[in-house]
Amino acid sequence: MAVQYAGLTSVNGPLVCLEGVNGVGYEETATITLDDGTQRMGRVVQMEGDKVILQVFEGTNGLSLKNTKTVFGGRPLEIPLATEMLGRVFNGVGKPIDGLGPVFPEKYADINGRALNPVARSYPRNYIHTGISSIDCLMTLIRGQKLPIFSGSGLSHNKLAVQIVRQAKIADSRGKDFAVVFAAMGVQNDVADYFRRSFEESGAIGRVAMFLNMSNDPIIERTLTPRCALTLAEYLAFEKNMHILVIMTDITSYAEALREFSSSKGEIPGRKGYPGYLYSDLASLYERAGVIEGSSGSVTQIPILTMPNDDITHPIPDLTAYITEGQIVFDRNLDQTGVYPGLSVLLSLSRLMKDGIGEGYTRPDHPDVSNQLFSAYAKVQDARSLASVIGEDELSATDKCYMKFGNAFEQNFLNQGFEENRSIDETLNLAWDLLCMLPASELDRMSEQLIKDNYDPKRAEKFQ
Amino acid sequence: MNTIYAINGPVIKVRDTKDFSMREMVYVGEKKLIGEVIGVNDLFTIIQVYENTDGLKVGESVYTTGSPMCATLGPGIISNIYDGIERPLGDMKSISGAFVSEGSAIPSLNGEKKFDVTVAVKVGDTVTAGQIYAVCPETPLIVHKCMIPPSVKKATVAYAAPNGQYTVNDTVLRLSVEGEDAELPLTLCQKWPIRDPRPAKQRMPVTKPLITGQRIIDTVLPIGKGGTAAIPGGFGTGKTMTQHQLAKWCDADIIVYIGCGERGNEMTQVLEEFGELIDPKSGRPLTDRTVLIANTSNMPVAAREASIYTGITLAEYYRDMGYHIAIMADSTSRWAEALREISGRLEEMPAEEGFPAYLPSRLSEFYERAGYVKTLNDSEGSVTIIGAVSPQGSDFSEPVTQNTKRFVRCFWALDKSLAYARHYPAINWMTSYSEYAEDLESYYSENVSPEYMPLRQEISTLLVEENNLMEIVKLIGADVLPDDQKLIIEIARVIRVGFLQQNAFHKDDTFVPLNKQLLMMKVIIKLYHEAGDAIKKGVLFSDIVKTGIFDKLIKIKYDIPNDKTEMFDDYEKEIDDIIGKLGRI
């Protein structure tokens with residue numbers, strides 16, 4: 001029988017303090033039993049002499065200084081892992097909540113995981129076809145990449161994530177090795193429901209493990225949810241050789257939970273009150289994506305975050321983008337003009353695409369086409385800002401050309417249906433059709449040969 | 001016995017002890033985690049632990065070592081990949097698998113590998129600090145020179161091993177030092193505390209450029225060997241890409257690449273790419289001249305703080321042998337954040353944005369370790385530091401960027417709007433500067449051409465003029481400008497797209513020798529002058545544009561291979577023809 005510690009010394013927000021404790025390890029778990037028999041889970045976050053500070057996952061409501069008995073578990077927080085967890089629903093700390101009983105574990109693992117040795121990684125090179133033109137052509141998703149979606153409240157980021165899951169051939173019968181791990185952190189019940197329904201409709205639900213922490217669930221649980229999800233993802237990818245897509249929504253809620261927890265610990269805040277270690281903490285999540293040598297599996301992450309006030313320089317999107325390999329950014333203006341997915345092409349980027357596209361991967365002309373589109377679309381912005389000053393009529397002929405190109409590009413290339421799944425050939429041919437709206441001399445990122453082979457103003461006629 | 005009293009993340013405290021000294025290396029707990037003393041007072045000794053502290057218990061022992069955090073220096077460093085405290089990640093992988101584990105006491109240098117050693121001194125010789133006593137080939141490119149440690153001022157050789165095969169731990173030399181009874185054995189390796197700069201005889205002025213093959217750097221914003229540069233830029237502006245390009249192509253002998261709190265995949269990319277890429281000068285893979293220090297963002301934060309010092313200590317060691325070293329530190333902001341995190345755990349009074357008040361002094365200590373020196377053995381070596389800075393919110397007024405700016409002499413500011421237009425390298429020529437241009441002027445004049453610097457000035461002036469004209473163009477459009485100003489805008493476009501923009505993925509354009517850079521400038525400026533003269537004589541600007549000569553110059557970087565510079569004559573002739581023809585009509 002392990003030692004029971006009766007009572008607490010103090011309670012402060014989600015933290016409780018105990019004195020007279022011996023032989024407890026840092027980050028060890030504890031079970032707090034209340035007088036009425038209900039149990040809560042906690043974790044050691046600080047130790048000084050015989051004083052231990054615990055964070056309580058379920059919150060501290062109802063705890064008093066004398067109505068508790070605490071038992072330490074002797075090990076860090078571990079969750080049971082099994083392949084059969086696919087198709088199940090768990091709460092934020094990995095307890096089943098779908099009424100199907102406990103998981104029969106194949107092993108237990110520490111949810112904090114360990115840092116991947118850079119030597120053991122393989123550089124990700126296989127591209128994931130999403131069927132969405134803007135992503136496939138301009139910000140290609142690579143297996144093993146972490147590519148976040150930066151969005152704002154009210155934009156269609158959830159819809160886009162669902163479309164990616166569906167079209168990335170996860171529901172495919174051949175996709176036996178594919179699975180999705182979904183972590184919801186502080187999202188509304190409606191959003192979690194939307195994802196569940198969409199997974200069901202696409203037939204993918206049997207290959208999805210869901211970890212749900214709703215917006216009214218305790219914040220400490222929220223800081224553990226992505227770690228539980230990623231621990232399962234790593235297990236399935238690196239020990240069971242599966243390709244795992246991890247969707248985490250909403251990172252903003254996660255970071256806010258972290259801030260709340262940090263301030264109740266009395267830590268010195270960094271920018272906007274977020275703890276100074278926000279970067280390291282986010283990195284400990286995002287860096288768990290990748291491909292390793294000696295395993296054919298992969299962990300690909302699509303974290304979703306809503307930028308507070310649509311501000312991309314806010315610490316959460318800012319630090320995220322410094323860690324992740326690019327970003328997919330939503331544009332509210334485009335979204336409001338009915339373009340779906342309304343992505344801001346110039347702000348979006350995929351850092352890994354340069355090595356995963358082109359000859360042998362997609363199509364030889366892909367790198368040049370995407371460079372040219374980026375550069376042309378940047379000129380569209382220049383032309384538009386000039387037009388807003390001097391009026392469209394006064395623009396030079398080339399600038400007018402760019403104005404037309406910009407509109408056609410947004411309406412035909414960016415814009416596509418929720419059910420529309422474009423092949424990479426369709427996407428690149430469409431890109432060429434659009435580029436043919438411009439004079440050949442403007443295609444400065446292309447070699448003469450490519451222009452000769454593909455350039456034909458007639459291709460652009462359908463956009464006139 | 002000293003035991004742990006308190007644990008808070010990577011910071012632990014030991015109570016009531018006088019056994020520890022500042023900056024001493026210690027072992028913490030039963031797993032013998034590596035730590036360093038960062039504070040000593042009457043109540044507590046404060047230790048930062050370089051590894052994950054999960055599972056550590058109050059009451060576990062803390063062991064003193066009596067020496068500060070040291071780097072092991074000897075043959076076998078080059079081509080290796082280390083974590084922030086010089087543990088070889090390759091060996092760690094074979095011991096603990098794909099994930100990094102704690103307490104793995106792995107020697108920094110392979111103790112089994114034998115090197116082909118030539119001993120350079122004989123019994124009875126008097127040796128002094130820094131003198132080379134043995135040499136061995138370390139990689140096909142680098143000859144390793146073992147030097148008498150700087151602490152030995154003067155000694156006599158009592159024993160010298162014969163030439164032959166030795167491991168790093170074999171004794172090859174014994175010295176009798178004046179005033180000491182015991183002989184001092186020397187192996188192929190030695191230790192040096194990472195936070196102390198290694199001594200050199202004399203600092204020398206920076207007069208030679210670090211040639212990078214990147215036009216905007218070599219020509220517009222040059223850096224000297226032994227200089228310091230910062231590359232600040234928001235996410236996605238190409239900091240890492242620029243550093244990779246420099247690491248691949250710059251003419252340093254050795255590259256120390258410090259991945260400090262950055263992405264794991266990027267380090268993997270460096271590992272894979274540098275193994276495949278062949279250095280054109282030597283015909284050997286780039287890994288033969290590269291050391292990697294990888295402390296990715298999810299590895300322990302205290303080791304991230306140490307990684308910068310480990311990297312520069314390795315660089316200084318090779319500098320002392322007479323090599324030219326370039327350090328790529330990606331990113332110094334993550335290092336500053338590690339300082340902030342540790343400082344926060346110590347509950348120190350924060351200065352700006354939570355960063356500790358000693359941030360500027362730490363930054364200056366780091367950058368001041370760069371320099372071109374005469375070493376203790378009278379050879380010349382240099383350490384060039386190129387540090388990436390990741391400003392929060394792409395705001396250059398934040399503390400790390402601002403303080404870095406005070407200690408570096410090259411500032412290559414990366415620009416978001418250039419990056420969005422996929423203009424790479426996205427170094428903004430208006431906000432960046434280099435203080436080395438003057439110092440290097442005589443090198444360029446003597447070794448490349450006396451025209452180089454005047455042409456460079458002309459290019460810069462045209463870019464400034466274009467910038468001023470663009471203000472007007474933004475308001476009223478380009479059509480209303482007079483022809484000579486239209487020419488400036490057009491020629492500046494040629495400079496921007498044809499010269500400053502450089503394609504890292506193109507076989508010729510990825511590295512451009514100084515000579516071709518000169519000829520490119522020359523032909524662009526020639527067109528500017530001749531077209532300008534023609535316009536004065538009444539030739540219409542639009543007629544010159546119609547000939548397509550501007551677009552032709554833009555494509556020079558692709559159309560003229562680096563080794564066929566004689567093709568420039570054809571272009572010059574074509575300009576003469578075109579302008580001459582227009583002038584006649």
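Guide: Two strands pair if DSSP finds at least two bridges between them; strands (E, at least two residues) and helices (H or I, at least four) are DSSP runs, numbered from the N terminus. This is a predicted model, in which local features need pLDDT of at least 70 and side-chain atom pairs count only at pLDDT 80 or more, while totals for chains, interfaces and linings use all residues. Residues are numbered from 1 along each chain as its sequence is written, and chains are lettered from A and ligands numbered from 1 in the order in which they are written.

Visitor: How do you know that strand 20 of chain A is joined to strand 21 of chain A?

Guide: 2 bridges join strand 20 (residues 326–329) of chain A to strand 21 of chain A, and the two run antiparallel. In this pairing A:Gln327 stands opposite A:Leu349 of strand 21 of chain A.

Visitor: What makes strand 9 and strand 21 of chain A stand at the edges of the sheet?

Guide: The open sheet has 8 strands of chain A in the order 9-16-15-17-19-14-20-21, with mixed pairing. Strand 9 (89–91) and strand 21 (349–350) of chain A each have a single partner strand, so one side of each lacks a neighbour in the sheet.

Visitor: Which strand of chain B is joined to strand 5 of chain A?

Guide: Strand 1 of chain B is joined to strand 5 (residues 39–48) of chain A by 2 bridges, and they run antiparallel. A:Glu48 stands opposite B:Ala6 in strand 1 of chain B.

Visitor: Why are helix 10 and helix 12 of chain A called oblique to each other?

Guide: Helix 10 (residues 366–390) and helix 12 (residues 424–435) of chain A pack at an angle of about 45°, with axes 10 Å apart. Axes are lines fitted to C-alpha atoms, for helices over the stretch in contact, and angles run from 0 to 180 degrees between N-to-C directions. Angles under 35 degrees count as roughly parallel, over 145 as roughly antiparallel, 65 to 115 as roughly perpendicular and the rest as oblique. Helix 10 and helix 12 of chain A are therefore oblique.

Visitor: How many residues of chain B are in contact with chain A?

Guide: 58 residues of chain B are in contact (C-beta atoms, placed from the backbone, within 7 Å) with 56 residues of chain A. Helix 4 of chain B gives the most to this side, with 6 residues.

Note on methods: Contact = placed C-beta atoms within 7 Å.
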